[in-house]
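Please read it alongside the model.

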Amino acid sequence: MQTVRKRRSPPSSAQMSSPSALKDHSPPRRKHFHLDLWMGLTLQNWILDFGRPIVMIILPLEWFPLNKPSAGDYFHMAYNVLTPFIMLKLIERSPQTVPRSAVYLCIITFVMGASIHLVGDSINHRLLLSGYQLHLSVRDNPIIKDLKPASLIDSFELLYYYDEQLGHLMWYIPFFIILLIYFCGCFSQAKEQTLPVSGWLLLGPSALYYWYLVTEGQITELFLVTLGCMGAVWVLQTRRGLALDSNGRFLLLSFGLALLLVGLWVGFLWDDPTLRAKYPGLVYVPEPWSYYTLHIKNTH
C-alpha cells in the first residue's frame, strides 16, 4: 500500500485574525502593592528634591565655585532622569490600559519643566549666597532693588517667573496628571485590597513629601483639583461596584494626609505679617524655605 502524505493547508487570513488564534503571551500584570516603585519614588523625592537645597548649604562652597554647577544641581539632574523613569514603570504596572500618548506627552513636558526649574533654581541659590531673601519679592530684595541700570531688575523678575511659575507649572501639572491617570486604572471587580504594613509605614514619608511639594511649589490649587478628581473617580467607581486596589488606596491616603498637613502648616503661620505680605492672594500657603530665611536663618 502506498502511504499518502497529506499536507496541512496554511491557516486562512480569517483564522489568523480571529481572537481565538491570537494568544497573548505577555505576562499578567501584577496587582500586588508595588513597594519597590513607591519606595523608590519616595526615597528619591526626599533625597534628590527635598535634600537638594540642604546639601548645597552643608557642603563647603569651595568645592563648587559659583560659576560651576553645585551639588544640588547634580541632584536635580538625577531627579530629572529618575522620576520620569519610575513614573513610566508605574504606568507599565497599571492593571488597566491607560492612554499611552497622553502619558508620553506628560513625561516630555515634565522633563522640560523640571529642566527649566533646574536652571532658575541654580541661579537662585547663588543669589541666596549673596544675600537674597526668599521671604521678600524680587524688587524688594536689598541686593536687587538698587541695581543699575534698572532694567536688570526686569531680567531677575523674568528669571523668577521661569523658576517659580512656568517651570513649576510645566513640572507639576504633568506629574499630577500621570498620578491621576494611574489612579483611574486602579479599580477592578476583584475583591477589595487592604493596604499592607509596608504601605502604612511608607504613608507618612510619602504624605510629608507631598506637603513639601505643595507648599514649596505653590501648587495648592493644582493639588486640590487633583485630589478632588481622585475623590470623584473613587465615588463613581464604587457606585459601579468596582473596588480600589492597594496601590490606589496608598495614593489616595497619601494625598489626604498631605492635605491635613498643609492645613496645619497654614494654621501655624496664619498671623505672620511678613509672610502675609509676600503671599497676599486668596490661597495663603507660605513656602517652607521662606519661613527658613525669615525665622531661622536670620536669627543665627
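The crossing of H2 and H6 is left-handed: the near helix is turned anticlockwise from the far one by less than a right angle. Helices here are DSSP runs (H or I, at least four residues), strands likewise (E, at least two), numbered from the N terminus. H2 and H6 pack at about 35°, and their axes lie 10 Å apart. Axes are lines fitted to C-alpha atoms over the stretch in contact, with angles from 0 to 180 degrees between N-to-C directions. Residues of H2 that meet H6 include Trp 38, Trp 46 and Phe 50; the H6 side includes Leu 202, Tyr 209 and Leu 213. Contact means heavy atoms within 4.5 Å.

The model is predicted; local features need pLDDT of at least 70, side-chain atom pairs pLDDT 80 or more, while totals for chains, interfaces and linings use all residues. Residues are numbered from 1 along each chain, and side-chain values use heavy atoms, without hydrogens or water.

| Element | Residues |
|---|---|
| helix H2 | 35-58 |
| helix H5 | 151-184 |
| helix H6 | 197-217 |
| helix H7 | 220-239 |
| helix H10 | 288-296 |

Buried means under 20% relative accessible area (exposed is over 50%, partly exposed in between; 1.4 Å probe, protein chains only). Among the buried residues of H8 are Phe 250, Phe 255 and Trp 265. At the start of H8, a side-chain oxygen of Asp 245 comes within 3.2 Å of the backbone nitrogen of Asn 247.

Glu 287 sits in the loop between H9 and H10. Glu 287 is buried, at 5% relative accessible area. Its contacts include Glu 164, Trp 265 and Lys 278.

Terms used: Polar contact = N/O pair within 3.5 Å; in protein donor to acceptor, adjacent residues only side chain to side chain. Lists of a residue's contacts leave out its neighbours within four places in sequence.
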